[in-house]
Amino acid sequence: MFFCSLSKQYVYLLNMIKAQIKKLQKIIKTSFALAKVNFVLRIEGSYLGIIWYILNPLAMFLIIILIKKHAISNVYIKNYEIYLLIGVISLNFFKQALSTAINVINSNTNYLKSINNITPEILVMAGLFESIFSHFFDLILIVGFMLFYHLPLLGLILYPVLFFFFIILILGISFIFATIGVYNKDFNNVWLIITQILFFLTPVFYVIKKVDYIYIINLFNPLFYFLLIARSLLMDFTMPPIWAMAGLIIFGAVALVVGLSVFNKYKHEFSER
Amino acid sequence: MESEKIKRINIDNVSKSFKIGCKNADGFLANLLNIISGKEPQRTLQVIDGVSLEAFSGENIGIIGRNGSGKSSLLRLIAKIYNCDSGQIMTQGNLAYIDGYGLGLKQKLTMRDNIYLVGLLMGLDKNEINKRFDEIVSFSELDNFIDTKIYQFSSGMVNRLSFSITIHCLEHNKPEILLLDEVFGASGDLSFQDKATAKIEEFLNSGATVILVSHNLNIIKKYCKRVILLDKGKTICDGDSEDVINTYFELIKKSKTI
């Protein structure tokens with residue numbers, strides 16, 4: 001009798017998990033398709049769209065290379081150009097993906113109101129997928145530089161694993177930002193200020209030592225962990241420090257849990273805004 | 001013997017209101033100031049006020065009422081697009097909600113890409129759309145424009161395409177509850193309208209529970225035995241189509257004299 005009820009509960013649980021997986025598959029499939037369409041539209045509208053996306057970090061890169069000799073001459077690092085490029089490109093991706101998340105619900109309320117298959121989660125994921133497609137062009141740039149500096153390309157094999165955890169982090173923050181964006185239409189202005197601060201605070205164009213006070217601050221900055229791992233993978237193909245990997249995963253998990261709970265609390269109001 | 005009817009929709013004393021801000025305070029700084037200085041005064045608009053309704057399989061129900069009477073909001077509540085403030089809504093079965101606001105067709109995409117996009121948004125996968133693709137194209141009579149972008153279509157062509165995609169996706173999904181909000185207006189020319197009407201009739205006789213919101217009283221009269229009249233979010237009457245439509249006319253007359 002006891003085993004019978006236990007097996008019933010087990011079957012019930014299994015069915016529930018199956019249903020959830022099916023739901024998740026549908027969300028990913030639909031958001032991927034929507035992202036693909038939006039991306040093609042953006043490129044077809046003007047190929048310059050993607051060039052603009054690349055030009056932004058590239059311009060930053062060139063300026064820093066130009067002023068490096070005079071302004072930040074204490075940075076001695078082999079292949080500084082790659083070091084800088086990884087920093088600038090990652091920050092730009094982080095900035096763009098979250099800036100898309102802020103507007104994604106507001107610019108697609110017609111979908112939410114008209115098609116009951118489209119949930120707010122799908123819109124947030126579609127925005128993120130669109131940013132990931134753009135990131136492929138960043139990677140082409142990085143690979144070009146790596147070839148130019150005769151760096152081993154092996155690190156690129158592990159980059160997707162690292163990028164996956166970065167995406168989990170961004171997805172979590174995207175859920176939070178999408179919610180804030182619904183109630184604060186100009187939150188992008190605030191985000192612009194935050195990214196400015198992040199640019200100078202994160203070791204994008206300089207190197208920090210463990211004794212610097214800025215190092216302590218950066219322990220609370222998930223972008224710092226990502227850059228640390230990405231650079232050790234792509235620049236010298238060495239094993240990144242375990243604590244950095246743990247840091248990125250913990251930040252990602254916390255962001256996802258907090259993001260989903262905030263998003264789930266407010267998402268039923270999105271179609272009313 | 002008549003087969004047993006399943007209760008598909010049960011709405012029990014449902015109310016819904018929207019908060020309408022007196023000022024447009026959607027900005028971050030404005031919100032911050034509001035928190036510091038106390039919340040900005042808000043007006044509430046009661047869109048649905050204590051509505052109850054039961055609908056069974058095979059039933060076609062029309063909902064009529066003036067603009068702003070809560071018809072569309074009621075459908076969105078049933079479709080779970082909106083959450084209700086109080087009361088309960090239970091639905092049993094696969095539900096589809098369609099409104100007439102263009103389905104998310106993208107102007108800069110070709111007709112082919114639009115069919116795939118909308119099909120995916122409506123829950124079909126690529127193989128299923130592949131199977132239905134030819135049917136959708138031939139029904140819309142736009143065979144020569146498959147790779148033309150939608151912005152070059154006339155409005156009649158867009159209507160035909162969006163009707164054809166909707167109806168074929170619905171045929172595939174086979175919803176047990178179908179909520180239609182001003183969908184079947186005049187789409188295309190007379191011969192297309194005949195074809196479209198025949199398709200709609202198939203659905204209305206398919207045994208699904210259909211709730212139809214429309215200002216076109218001829219359509220309502222033709223397809224719905226039971227009609228509900230809403231005004232200011234309340235059910236004014238619920239019954240035989242002829243009687244309810246007459247009450248609606250009286251309501252309009254009364255409001256004109258006032």
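**Burial, ring pairs and salt bridges**

Trainee: Why does A:Tyr159 count as buried?

Mentor: A:Tyr159 has 6% relative accessibility, and buried means under 20% relative accessible area, with exposed over 50% and partly exposed in between (1.4 Å probe, protein chains only), so A:Tyr159 counts as buried. This is a predicted model, in which local features need pLDDT of at least 70 and side-chain atom pairs count only at pLDDT 80 or more, while totals for chains, interfaces and linings use all residues. Residues are numbered from 1 along each chain as its sequence is written, chains are lettered from A and ligands numbered from 1 in the order in which they are written, and side-chain values use heavy atoms, with hydrogens and water left out.

Trainee: What makes A:Phe93 and A:Phe166 a tilted aromatic pair?

Mentor: Rings of Phe, Tyr and Trp (its six-membered ring) pair if their centres lie within 6.5 Å, and planes under 30 degrees apart count as stacked, over 60 as edge-to-face and the rest as tilted. For A:Phe93 and A:Phe166 the centres are 6.1 Å apart and the planes make 50 degrees, so the pair is tilted. A:Phe93 lies in helix H3 and A:Phe166 in helix H6 of chain A, so the pair ties together parts that are 73 residues apart in sequence; helices (H or I, at least four residues) and strands (E, at least two) are DSSP runs, numbered from the N terminus.

Trainee: Why is the pair of A:Tyr159 and A:Phe226 called edge-to-face?

Mentor: The centres of A:Tyr159 and A:Phe226 are 6.4 Å apart and their planes 65 degrees, which is over the limit for that name, so the pair is edge-to-face. A:Phe226, with a relative accessible area of 1%, is buried.

Trainee: How do you know that B:Asp85 and B:Lys16 form a salt bridge?

Mentor: A salt bridge is a side-chain nitrogen of Lys or Arg within 4 Å of a carboxyl oxygen of Asp or Glu, and the closest N and O atoms of B:Asp85 and B:Lys16 are 3.7 Å apart, so the pair meets the definition. B:Asp85 lies in the loop between helix H2 and strand S4 of chain B and B:Lys16 in strand S1, so the pair ties together parts that are 69 residues apart in sequence.

Trainee: What makes B:Asp85 partly exposed, and is B:Lys16 buried or exposed?

Mentor: B:Asp85 has a relative accessible area of 46%, which lies between the two cut-offs, so B:Asp85 is partly exposed, whereas B:Lys16, at 3% relative accessibility, counts as buried.
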